[in-house]
Amino acid sequence: MNIEEDLGKLKINSIIYTTRLSTKFLKRQPYKPADPRLVMSFIPGTVLEILVKEGESVSAGDDLLILDAMKMQNRLKSAIDGKVKKINVVKGDKVSKGHVMIEIG
Amino acid sequence: MKKKIRELREKRQKILLGGGEQAIEKQKAMGKRTARERILALLDPDSFVEYDMFVEHVARDFDMEKKSLPSDGVVIGAGTIYNAPVAVFAQDFTVAGGSLGLMHSRKITKIMDHALKMRVPLIGINDSGGARIQEGVNSLAGYGEIFFRNTISSGVIPQISVILGPCAGGAVYSPALMDFVFVVDNISKMFITGPEVIRTVLGEEISMEDLGGARVHSEITGNAHFFARSEDECFEQIKRLITFIPWNNSTRAKAFPSAEPDEAYNLEKIVPDDPTLPYDVRDVIKGIADNSDFFEIMELYARNIVIGFGRMGGRTTGFVANQPMELAGVLDVDSSDKAARFIRYCDAFNIPIITLVDLPGYLPGIDQEHAGVIRHGAKVLYAYSEATVPKLSVILRKAYGGGYIAMSSRHLRADFVFAWPTAEIAVMGPEGAANIIFRKEITSSDDPDGTRKQKVEEYKAKFANPYVAASRGYVDAVIEPKETRRLLMHAMEMSGNKQVTMPVKKHGLPPF
């Protein structure tokens with residue numbers, strides 16, 4: 001019946017409640033709006049081929065890289081016009097989900 | 001005759017050894033019992049009758065025809081638990097790793113058909129490496145036949161799944177389609193793709209326990225309903241559950257003698273007046289239920305809502321209660337899912353529902369919105385609205401906004417709604433409401449904080465109470481905490497012959 005331990009505060013509609021905060025609640029990720037300049041792996045996989053070089057100009061829709069994942073070769077395209085600022089992977093790299101592979105400037 | 005009987009005994013003896021002494025030793029070293037030992041430990045002494053003991057596998061490829069797999073790796077039969085009949089199957093890991101081949105699956109579907117036809121609960125004990133690769137598509141067909149039966153039996157007979165070993169790949173969908181899943185620490189392992197595949201395909205390292213152990217499924221995924229530290233504890237939990245549920249959907253659970261709750265659970269003292277302060281709502285349930293006996297379900301998952309069985313006047317009752325000491329008792333994606341399924345279980349099996357209300361509403365947050373709190377939250381509305389079993393609610397303290405409507409309100413056809421004098425039934429908490437209604441007065445005031453305080457107090461005095469709702473008949477009675485049990489017993493008695501007619505339909509479309 002002892003619930004005094006590990007109590008926190010939770011604010012809902014201007015009212016502050018004294019309550020325990022669940023692990024899942026505490027671990028929730030802050031929201032980050034999608035940034036079209038960062039080309040990320042949407043699924044874990046292996047970099048099969050890099051089709052651009054740093055400094056190269058690209059247009060929206062151009063192929064940037066082939067990511068091998070779940071037995072599929074996925075062609076990742078640029079969402080915007082710009083210059084390839086940085087390439088963070090090399091051919092054969094295994095990347096986890098959400099890894100920034102290419103940065104467009 | 002004697003010779004033939006001796007022959008039979010020898011045959012049985014051989015089969016009872018399953019995969020042989022070595023395999024049994026290995027099984028024991030893992031803290032696991034054999035399939036038959038498990039059934040005997042679970043059922044009433046001398047009640048188990050085994051069927052299809054002599055079944056053998058029919059695989060003819062990959063030299064399988066030279067192998068004998070006693071009982072084809074699964075034990076089926078029937079017996080009783082506290083004199084209630086149950087049909088059982090238990091996979092035998094000592095025989096080819098409990099792998100599922102054609103005859104193995106036919107035995108399982110045979111006992112499932114039997115349980116459905118006889119309208120008795122089904123208990124399935126899973127301990128299997130998965131599909132028997134050598135039997136190819138026959139093995140997949142077997143799983144499909146099991147899933148189909150799980151689905152058509154759903155809501156007709158109770159289906160209890162006990163995970164006492166690995167249960168991986170497609171096999172997990174049978175437990176997922178059943179009513180209650182029991183898991184044991186360090187023994188149960190459930191996942192669609194195991195750590196090995198995850199490592200080779202995705203390059204991520206994780207142990208079986210961290211991926212799909214008992215704790216993961218009890219705390220994080222919500223796949224499991226009961227967590228135990230040993231097989232013995234698990235069997236005790238199953239037996240206890242059986243005492244609360246009926247044999248099928250056309251009967252009621254067994255009645256017990258009525259018993260008063262323990263006086264130690266003093267409702268007036270358990271719940272603080274201040275709606276922002278926490279308490280353990282399970283103590284309130286114990287202050288209401290027969291004998292203060294409450295059997296909690298999904299104790300470790302989405303603890304901001306409490307669900308489980310107790311009895312009122314000897315009759316099984318489902319309790320649903322917001323838990324103010326966890327996340328202030330909010331409804332969110334997980335707690336909505338947890339409550340809605342339980343409400344539907346109670347409705348399917350003729351179990352009245354008592355709802356204890358004390359919540360600030362739905363949990364705000366981008367993560368919640370993006371996780372689909374709209375459609376998950378809608379499940380609670382759907383489940384309460386469609387339920388035709390007696391629905392009784394007690395509003396203990398706050399019942400704000402959408403949370404008020406969702407938690408078995410009059411508007412979703414609760415049969416009885418009681419409120420304590422501490423109840424605050426309003427569109428939102430006084431602070432939030434005053435900030436919106438009196439925004440102009442507050443911002444244009446020389447002393448905004450003072451004006452805000454004053455307006456909050458005004459709002460509180462006028463709306464933060466049960467009497468506005470009572471004046472419209474949304475609340476049937478405002479009651480003292482100590483009257484709660486007496487009135488709920490009255491409500492139970494009054495709704496004993498409840499009848500409602502729903503429009504004819506094939507089935508509804510709950511938001512899942």
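Predicted model: local features only at pLDDT ≥ 70, side-chain atom pairs only at ≥ 80, totals over all residues.
1. Start with Asp72(B). Asp72(B) sits in the loop that links strand S1 (49-51) to strand S2 (74-81) of chain B. Is Asp72(B) buried or exposed? Asp72(B) counts as buried, because 27 C-beta neighbours lie inside 10 Å; the cut-off for buried is 20 or more.

2. Ser71(B) is found in the loop between S1 and S2 of chain B. Its phi is positive, about 60°, although Ser71(B) is not a glycine. Ser71(B) has 24 C-beta neighbours inside 10 Å and therefore counts as buried.

3. Asn291(B) also has a positive phi, near 60°, and is a residue other than glycine. Its place is the loop between helix H12 (281-286) and strand S10 (295-297) of chain B. Asn291(B) is partly exposed, because 16 other C-beta atoms lie within 10 Å.

4. How many of its 8 residues are buried? The count is 8 of the 8, so the strand is largely enclosed by the rest of the structure. Both faces of S12(B) are covered. One side carries Arg315(B), Thr317(B), Phe319(B) and Ala321(B), all buried. The other carries Thr316(B), Gly318(B), Val320(B) and Asn322(B), also all buried.

5. Strand S11 (residues 305-312) of chain B runs antiparallel to S12(B), and 8 bridges join the two. Gly310(B) has Thr317(B) in S12(B) as its bridge partner. S11(B) and S12(B) form a hairpin with 2 residues between them. Gly313(B), in the turn, has a positive phi of about 60°.

6. S12(B) also pairs with strand S13 (residues 353-359) of chain B. Here the strands run parallel, joined by 4 bridges. Val320(B) stands opposite Thr355(B) in S13(B).

7. Now the whole of chain B. Its secondary structure comes to 21 helices and 17 strands. Of its 512 residues, 49% count as buried. The C-alpha trace spans about 100 × 55 × 45 Å along its principal axes. The radius of gyration is 26 Å; this agrees with a compact globule, because one of 512 residues would have a value near 24 Å. Among contacts in chain B with a separation of 6 or more, 73% are between residues 24 or more positions apart.

8. Last, the contact between the chains. It takes 22 residues from chain A and 25 residues from chain B. On the chain A side, strand S1 (8-12) and strand S2 (15-19) each supply at least two residues. S2(A) gives the largest share, 5 residues. By class, the chain A side has 12 nonpolar, 7 polar and 3 charged residues.

Note on methods
Residues numbered from 1 in each chain as written. Chains lettered and ligands numbered in written order. Rg over C-alpha atoms; globule rule 2.2 N^0.38 Å. Buried ≥ 20, exposed ≤ 12 C-beta atoms within 10 Å, placed from the backbone. Contact = placed C-beta atoms within 7 Å. Nonpolar A, V, L, I, M, F, W, Y, C, P; charged D, E, K, R; others polar. Pairing = 2+ DSSP bridges.
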